[in-house]
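Q: I would like to learn how to read the features of a structure. Where should I start?

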Amino acid sequence: MMEVLIIKTVLAGIVFFAALNLAGFHTWVERKQSALIQDRIGANRAEIFGFRFLGMFHGMADVLKMFTKEDIVPAGADRALHTLAPFFSVFFALVTFAGIPFGDRLIIGDRVIELQVAHIDAALLYIFAMLSLGVYGVILAGFASRNNYALLGGLRATAQMISYEIALGIALLGVIMVYGTIDLAEIVRAQGRMIGGWLPMWGILTQPVAFFVFVTAALAETKRVPFDLPEGESEIIGYFVEYSGMKFGMFFLTDFLETIVVASLATTLFFGGWQVPWLMPDGFHFPWGTVVLLPNLVYVLLGVASFSIKGLIFCFVFMQVRWTLPRFRYDQLMNLGWKGLFPISVVNIVVTAVVLALLRGAR
Amino acid sequence: MGVTVKVVRRRELTFWEKLYVPQIVCGLKITFTHFFRNLFVHMAHQFGRLKNRSAAATIQFPEEMRPLMSRYRSRHRLTLREDHTPRCVGCMLCETVCPAKCITIVPGEHPDPNVEKYPVRFDIDLGVCVYCGYCVEVCPEDAIRMDTGILDVAAYSREAMRLDIHELMNPAMRKPIRECNLTFPHKCQLSGGQMKGSWDGIARHAVPH
């Protein structure tokens, strides 16, 4: 029992360490990537003992600044809820990571460790439940601030969540139908199968339409440009108008954490998670017949590296999209959600069902 | 009187544009091109290559200066004669023309009979100056110019924004001025009110025996 506890704690520690650091790193990536896109240089002045490291220390400086700033609760605000809201946001963004499998089974001695913090057989449902609960932080922030603009931001977040969660869920139904499970670890394992002996059966190949719907809806889920209507700095400032100091920082952190969650989800569901093409648990089996045998530890580490790289690429692409597109107008957003993505994902389910029925009937 | 009206029709979006995705891909193409081109040029700069191409439009200000036009009006200076005395003859034209009234001149009698006066004090309060350049235009002796290229005039007090004659004659000099080494007699308040320099050289040079 004790061993299980220790293993789980270590796993949770690794995941939290990686997620929080990556979220901090995102501030740097955001600054530098946008700078490169816009022919600028980006923040590069913060230094420690003369070392600047391309402005890496600006994230740290920001956090120090936020911690030392005055924490203001507006006079008319509901003190308890106002304080609770950012914690809600960060909490639900962080617990989501528990359901994501970031590697295959690690075998130490006679103990088999699943590289997934919480090995839930309904991990997909769990993750989406947590992501949806995350919006409560935003709604509470808008509601408890006693500020009309914050309330507008909160309402927009709610409306946006409703119209996108549905498309998101229905798009994923296709994936669930293809792999026949809602256990994320099993979904990833199923993606290791080969089509025709050489093409890995990744979700992007079996469910390309669902992938596009998922990415669009997932971007809306993260509340970042082009779907940053709850924030909308240029029109309503958003649900965090009345927040200052680290509480504001926590909302900011939530945005980045959700981006990472969504990137990991896209990797897990559509790009084979920790799968490396042609890598089986005992080593590489290339389609032309070469076999390279590998020990279990190397195999697992390769899987973790594969998962991380794919996730980082998704983060990069999401960031690029964020700096390419302008914000949607509210009616355009609703149109896209209800008249665009929703019907597409429904049609996708029908087509998937028919194709699956035909394939199984043929068998 | 017929009013000509030009009707501007909003162009309908084509089907291709309404699909969103192709247009998004076009946008991503632009941002990716910029991203990777600039990344490549930045890396090349690190290895000392492609120095003739810039990866960013940024001018890193305190270290780098934007090139100024030759007629740009920057901080003032007083021009000098060959013997390093100010060219100014204390005619008060600039003080008179100054719309901001930021120039204060106290003229004194010059030992050279060919030169009527010289400025004992010549102060410009940059906190008040509007950089109109009238003082430069009005000067009959070409004694004041605004061509130092100094733009970052900043100080912690209003008093420190007042340039005295030392700073105006030597653009490199900034407050606090520790030593006053003028080659003409001037009551320097910064060096304890002592007279610096001497009349002798000027008088010998200017007045024939």
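A: Start with the elements: helices (H or I, at least four residues) and strands (E, at least two) are DSSP runs, numbered from the N terminus. In this structure, Ile107(A) lies in strand β1 of chain A, which covers residues 103-108. The model is a predicted one, in which local features need pLDDT of at least 70 and side-chain atom pairs count only at pLDDT 80 or more, while totals for chains, interfaces and linings use all residues. Residues are numbered from 1 along each chain as its sequence is written, and chains are lettered from A and ligands numbered from 1 in the order in which they are written.

Q: How do I read burial, and is Ile107(A) buried, exposed or partly exposed?

A: A residue is buried if 20 or more other C-beta atoms lie within 10 Å of its own, exposed if 12 or fewer, and partly exposed in between; the C-beta atoms are placed from the backbone. Ile107(A) is partly exposed because 15 other C-beta atoms lie within 10 Å.

Q: What is Ile107(A) in contact with, leaving aside its neighbours within four places in sequence?

A: Two residues are in contact if their C-beta atoms, placed from the backbone, lie within 7 Å. With those neighbours left aside, Ile107(A) is in contact with Val112(A) and Asn296(A).

Q: How do I read a sheet?

A: Strands of a sheet pair through backbone hydrogen bonds, either parallel or antiparallel. Here, two strands pair if DSSP finds at least two bridges between them. In chain A, three strands form an open sheet with antiparallel pairing, in the order β5-β6-β7. Strands β5 (279-280) and β7 (291-293) of chain A are at the edges with a single partner strand each, so one side of each has no neighbour in the sheet. Three bridges join β6(A), residues 283-285, to β7(A) in the antiparallel sense. Phe284(A) has Val292(A) as its bridge partner in β7(A).

Q: Which strands form the open sheet in chain B?

A: They are β2, β3 and β5 of chain B, in the order β2-β3-β5 and with antiparallel pairing. The edges are β2 (103-109) and β5 (162-163) of chain B; each has a single partner strand, so one side of each is left without a neighbour in the sheet. Strand β3 of chain B, residues 117-125, runs antiparallel to β2(B), with seven bridges joining them. Val106(B) stands opposite Arg121(B) in β3(B).

Q: How many helices and strands are there in chain B?

A: Chain B has six helices and seven strands. From the N terminus on, its elements run α-α-β-α-β-β-α-β-β-α-β-β-α. Of its 209 residues, 18% count as buried. Among contacts in chain B between residues at least 6 apart in sequence, 56% join residues at least 24 apart.

Q: How do I read the packing of two helices?

A: Look at the axes, which are lines fitted to C-alpha atoms, for helices over the stretch in contact; angles run from 0 to 180 degrees between N-to-C directions. Helices α1 (residues 2-37) and α9 (residues 245-270) of chain A pack at an angle of about 115 degrees, with their axes 9 Å apart. That makes α1(A) roughly perpendicular to α9(A). Angles under 35 degrees count as roughly parallel, over 145 as roughly antiparallel, 65 to 115 as roughly perpendicular and the rest as oblique.

Q: At what angle do α8(A) and α9(A) pack?

A: Helix α8 of chain A, residues 208-221, packs with α9(A) at about 165 degrees, with the axes 10 Å apart. The two are therefore roughly antiparallel to each other. Among the residues making this contact are Phe211(A) and Phe214(A) of α8(A), and Val262(A) and Leu265(A) of α9(A).
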